[in-house]
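Trainee: I have a chain open and would like to discuss its surface and fold. Could we go through it together?
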Amino acid sequence: MSDIRKRYMARLAGRILILVLGILYCIFDPAIFDILNGMNFFHGFSVMHLL
């Protein structure tokens, strides 16, 4: 496999992991998305900042 293809596959796996984490948070802890309402995003740190 070429270097470009390996890099593409690693980035794809990372993006899929972020998608799965977002879906799991939505299912098991939907309150975590409350930080996105209004200007609350800038008042504290949450997992959403990392995503």
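Mentor: Let us begin with Phe-28, which is exposed at a relative accessible area of 68%. Please keep in mind that the model is predicted.

Trainee: Which helix holds Phe-28?
Mentor: Phe-28 belongs to helix α1, which covers residues 3–28.

Trainee: And which residues make up the nonpolar surface patch with Phe-28?
Mentor: The patch has an area of about 1100 Å². Besides Phe-28, its members are Met-1, Tyr-8, Met-9, Leu-12, Ile-16, Leu-19, Val-20, Ile-23, Leu-24 and Ile-27.

Trainee: Going to the whole chain, how many helices and strands are there?
Mentor: The protein chain contains two helices and zero strands.

Trainee: What share of the residues is buried?
Mentor: Of the 51 residues in the protein chain, 10% are buried. The accessible surface amounts to about 4500 Å², and carbon and sulfur atoms account for 68% of that surface.

Trainee: What about Ser-46: buried or exposed?
Mentor: Ser-46 has a relative accessible area of 13%, and it counts as buried because that value is under 20%. Ser-46 sits in the loop between α1 and α2.

Trainee: Now Leu-50: where is it placed?
Mentor: Leu-50 is in helix α2, residues 47–50.

Trainee: Why does Leu-50 count as exposed?
Mentor: Leu-50 counts as exposed because its relative accessibility is 67%, and the cut-off is over 50%. As for its position in space, the C-alpha atoms of Leu-50 and Ile-18 are 9.8 Å apart, and the two residues are 32 residues apart in sequence.

How values were computed:
Residues are numbered from 1 along each chain as its sequence is written. This is a predicted model: local features need pLDDT of at least 70, side-chain atom pairs count only at pLDDT 80 or more; totals for chains, interfaces and linings use all residues. Side-chain values use heavy atoms; hydrogens and water are left out. Patches are made of residues with over 30% relative accessible area and no salt bridge: like charges are joined within 9 Å, nonpolar side chains (Val, Leu, Ile, Met, Phe, Trp, Tyr) within 5 Å. Accessible areas come from the Shrake-Rupley method with a 1.4 Å probe; for residues, only the protein chains shown count as cover. A salt bridge is a side-chain nitrogen of Lys or Arg within 4 Å of a carboxyl oxygen of Asp or Glu. Helices (H or I, at least four residues) and strands (E, at least two) are DSSP runs, numbered from the N terminus. Buried means under 20% relative accessible area, exposed over 50%, partly exposed in between (1.4 Å probe, protein chains only).
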